Amino acid sequence: MPLLESRLNSFKSQAGDSEINIIRNQVQEQCSKEADSPVGFYSLTVPTGGGKTLSSLLWAMKHAIHNGQKRVIIAIPYTSIIMQTASVLRDIFGDENILEHHCNIDPERIKDETLREKMKLATENWDYPIIVTTNVQLFESLFGNKPSICRKLHNIAGSVIILDEVQTLPTDYLQPIVDSLKTYNKLFHVSVLLTTASQPVLCGLIEGCNPRATFSGIEHIKEIIGSPANFRV
């Protein structure tokens, strides 16, 4: 936590008083203020460029400390953003605290045998403080039945999950995805933070013209930013 706060303070001291920097500071302050909240579902609605990546991590880490949770899992739909995010976080926290897990990471390319075996084991059990991964890896872990996939389930329990760009979740699988997240929240002490510039409707009972298409969403999602519409970047 001190490492992240130090980096954010460094950014503030170097940044000017432009409108976007003022908004970024407001987002960070609100995330810090709202972190001491119970385990549950939360949303962070911030326009692109509003600094939601580090602000959401600030919230997640403080939230995890407050609720005795073990790790933060950041799930992102795009590999390019994952690599960029993991690079930034490694620069702050060091390689030993960040696990980057996606299809382009191949432990067999690592020449050092000890490090290679450590990485292979880590991608199976996610025993790291911060995991940066894809939506596919996360939800395959929740729904998979292979031993190599199921080994990480106990480490997903008791964590804070950040779903970045949540509007990209596949609509065909939205009901089982939401059901699995609700189960992990209720039974396994997991908090979920939904981050995006344009939040999808995932709360409550969502009904359409076709009764077969009724969607049972999350009972309550608390927005961290009180009035997202006030932000203009």
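Predicted model: local features only at pLDDT ≥ 70, side-chain atom pairs only at ≥ 80, totals over all residues.
Residues are numbered from 1 along each chain as its sequence is written. Local features required pLDDT of at least 70 and side-chain atom pairs pLDDT 80 or more, whereas totals for chains, interfaces and linings use all residues; side-chain values rest on heavy atoms, without hydrogens or water.

The largest nonpolar core holds 32 residues. Such a core is a set of buried Ala, Val, Leu, Ile, Met, Phe, Trp, Tyr and Cys residues joined through side-chain atoms within 4.5 Å. Buried denotes under 20% relative accessible area, exposed over 50%, and partly exposed the range in between (1.4 Å probe, protein chains only). Leu4, Leu57, Trp59, Ile74, Leu89, Phe93 and Val132 touch the most other members. At least two residues each come from helices 1 to 4 and from strands 1, 2, 4 and 5. Helices (H or I, at least four residues) and strands (E, at least two) are DSSP runs, numbered from the N terminus. Helix 3 contributes the most, with 7 residues. Leu4 contacts (heavy atoms within 4.5 Å) Leu54, Leu57, Leu58, Met61, Ile92 and Phe93, leaving aside residues up to four places away in sequence. Another core, of 29 residues, lies apart; among its members are Met119, Phe139, Val166 and Val190.

There are 2 aromatic pairs. Rings of Phe, Tyr and Trp (its six-membered ring) pair if their centres lie within 6.5 Å; planes under 30 degrees apart are stacked, over 60 edge-to-face, and the rest tilted. Tyr42 and Trp59 form a tilted pair, 5.1 Å between centres and 55 degrees between planes. Tyr42 belongs to strand 1 and Trp59 to helix 3, so the pair ties together parts 17 residues apart in sequence. Both residues, Tyr42 and Trp59, are buried. Tyr184 and Phe188 also make a tilted pair, with centres 5.1 Å apart and planes at 50 degrees. Both lie in helix 9 (residues 174–188), about one turn apart. Tyr184 is buried at 12% relative accessibility; Phe188 is partly exposed at 38%.

Strand 2 is largely enclosed by the rest of the structure, because 6 of its 6 residues are buried. In a regular strand the side chains alternate between the two faces of the sheet. Arg71, Ile73 and Ala75 are buried on one side, and Val72, Ile74 and Ile76 on the other. Strand 2 runs parallel to strand 5, joined by 5 bridges. Pairing requires at least two DSSP bridges between two strands. Strand 4 also pairs with strand 2 in the parallel sense, over 5 bridges. Ile73 stands opposite Ile161 in strand 5 and has Ile131 as its bridge partner in strand 4.
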